[in-house]
Amino acid sequence: MENKYDIIVLGAGLTGLTTSYYIHKSGKKVLVIDPNSHVGGVIQTDAKNGFLFEKGPNTGILGSVEIAELIEDLHPDCEIEVGNKIVDKRFILHNAKWQPLPAGLSQGVTTPLFSFKDKLRLLGEPFRKPGTNDNETLAELVKRRMGQSFLDYAIDPFILGVYAGDPSYLVPKYALPKLYNLEQDYGSFIGGAIKKKFIKTSERDKKATRKIFTIKGGLSKLADAIYKRIGEEKFILGATNIEVGKLDKGYSVKLFNANKEPLEFQSDKIITTTPAFQLENLLPFVEKDLIKDVQNVFYAPVVEVAIGFNKWEGVSLDGFGGLIPHKEKRDILGVMYMSSLFEGRAPEGGALISVFVGGARRPELTKLSDEKIKKLVEKEFKELMGVENFNPDLFEISHHNRAIPQYGKESKERFAAVKSIQKEYPGLFIGGNLYDGIGMADRVKQGKQMADFVINN
Ligand SMILES: Cc1cc2nc3c(=O)[nH]c(=O)nc-3n(C[C@H](O)[C@H](O)[C@H](O)COP(=O)(O)OP(=O)(O)OC[C@H]3O[C@@H](n4cnc5c(N)ncnc54)[C@H](O)[C@@H]3O)c2cc1C
């Protein structure tokens, strides 16, 4: 194996894979290094007992042009599957009963999810002054503009679904910049959303349809397709003791490969796409204060359970799934009806449901034994999903001890520290989900932008 590369990418999750793919496509020599023996990072599809299930992310949103173009580009090595039309039917638990999330004005008026007072108050939303505190939390922002019941039964479950997070921790300026900018740019969520509908978008921008998607055969097929296109000889998987060193010109990367042999590579440009908490060991030459600020991000823990039934006899699974507001005091965060959304997930007549436990506000649940997690899920399925005899044909638990970074008020220092490190160490680029968003569409967007920058600078 040669030891000089144009660019070395650390991390073969979706961010690192996307970055490496576009670098490789530009004709530059890239090397990708990861401690895992598989590519895709947290993306992992598995198959068992006739079920096809995800152990990490379940669905993506076509929320950036870059993710739509990446999937297009990878065709036919991977093929998109857009969620069928029931994706818009979502349920929210309210007083222990599933209620549809209002899809239009008339449902919005009649839904029991929001109080009469807040429904009336919403009429005044376009006339309320924009906030002036950059560190205002999401909970404060929503209470101020929309009222407590919208926070409890719309925003809280939405945030559970995206961040497994806590609205009184997340700061919209960093965690939901589009929402924050609606208020700052247009003075109102409602007014801003309406005005934005009339802004002309280019044909390219229209590719970001915001539709829910997966990849035929599961999300791992996306990672596998990129791996195939770049070529396995450009990867070192199963690496240990990975450490970047600063040379007079450029950088070295030392590691042990899967056979425990020591290797050293050199490059003028290094891109890290690892979780934040890996950076201290990975970049020992960077000042401790800067690394401390970069690593100052809480990753909420999540346990994900894929539950399969050969014959489903519970409540109707006609929809995307259901989210459970914190106020309902249940032990699961939500359920996603994967076999209703996508083809081939469960045997005919059966069901595959993804269940999430823990998150930012119930981290203690993620520490329970698998047996206790099963008991807890059984109780919730009996009470909420209409399952009398809980005898699943698939019950697969995946632990993610540091799953989803929570962008709180400390994010400002983190983002600034990333910039400082990059300025101080030309040729070193820090990417990954510690900034620029946590969803797959954000990851691909960042990966593509980093690749473009590094190729041209
Ligand atoms: C349980 C769960 C459910 C999710 N659900 C969704 C969803 O439904 N929809 C959605 O859009 N997003 C979802 N997300 C978020 C999304 O999946 C992630 O943000 C995204 O996949 C992260 O990609 P990444 O490459 O930035 O990070 P990762 O996937 O974490 O990849 C980082 C890589 O860095 C490697 N690494 C670690 N240490 C080192 C080192 N020292 N040197 C080199 N490499 C190293 C790791 O092994 C890993 O492969 C979910 C995330 C989780 C955890």
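This is a predicted model: local features need pLDDT of at least 70, side-chain atom pairs count only at pLDDT 80 or more; totals for chains, interfaces and linings use all residues.
Residues are numbered from 1 along each chain as its sequence is written, and side-chain values use heavy atoms, with hydrogens and water left out.

**Exercise 1.** Work out which residues come nearest to the ligand and which of their atoms lie by its polar atoms.

Step 1. The ligand has 31 residues around it, and Thr15, Asp34, Thr59, Ile438 and Met440 come nearest (near means one heavy atom within 4 Å).

Step 2. Now look for polar contacts (a pair of N or O atoms within 3.5 Å). The side chain of Asp34 places an N or O atom 2.6 Å from a ligand oxygen. Thr59 uses a backbone N or O atom, 2.7 Å from a ligand nitrogen. For Met440, a polar backbone atom is 2.8 Å from a ligand oxygen.

Step 3. Taken alone, the ligand exposes 1000 Å², and the protein buries 89% of that (Shrake-Rupley method, 1.4 Å probe).

**Exercise 2.** Find the strand order in the open sheet of three strands, and explain why β5 and β6 each have a side without a neighbour.

Step 1. The order is β5-β9-β6, with antiparallel pairing (strands are DSSP E runs of at least two residues; a pair needs at least two bridges).

Step 2. β5 (60–61) and β6 (80–82) are at the edges with a single partner strand each, so one side of each has no neighbour in the sheet.

Step 3. Two antiparallel bridges join β5 to β9 (residues 212–215), and Gly60 is opposite Phe213 in β9.

Definitions and conventions. A polar contact is a pair of N or O atoms within 3.5 Å; within protein, one must be able to donate a hydrogen and the other to accept it, and residues adjacent in sequence count only if both atoms are side-chain atoms. Helices (H or I, at least four residues) and strands (E, at least two) are DSSP runs, numbered from the N terminus.
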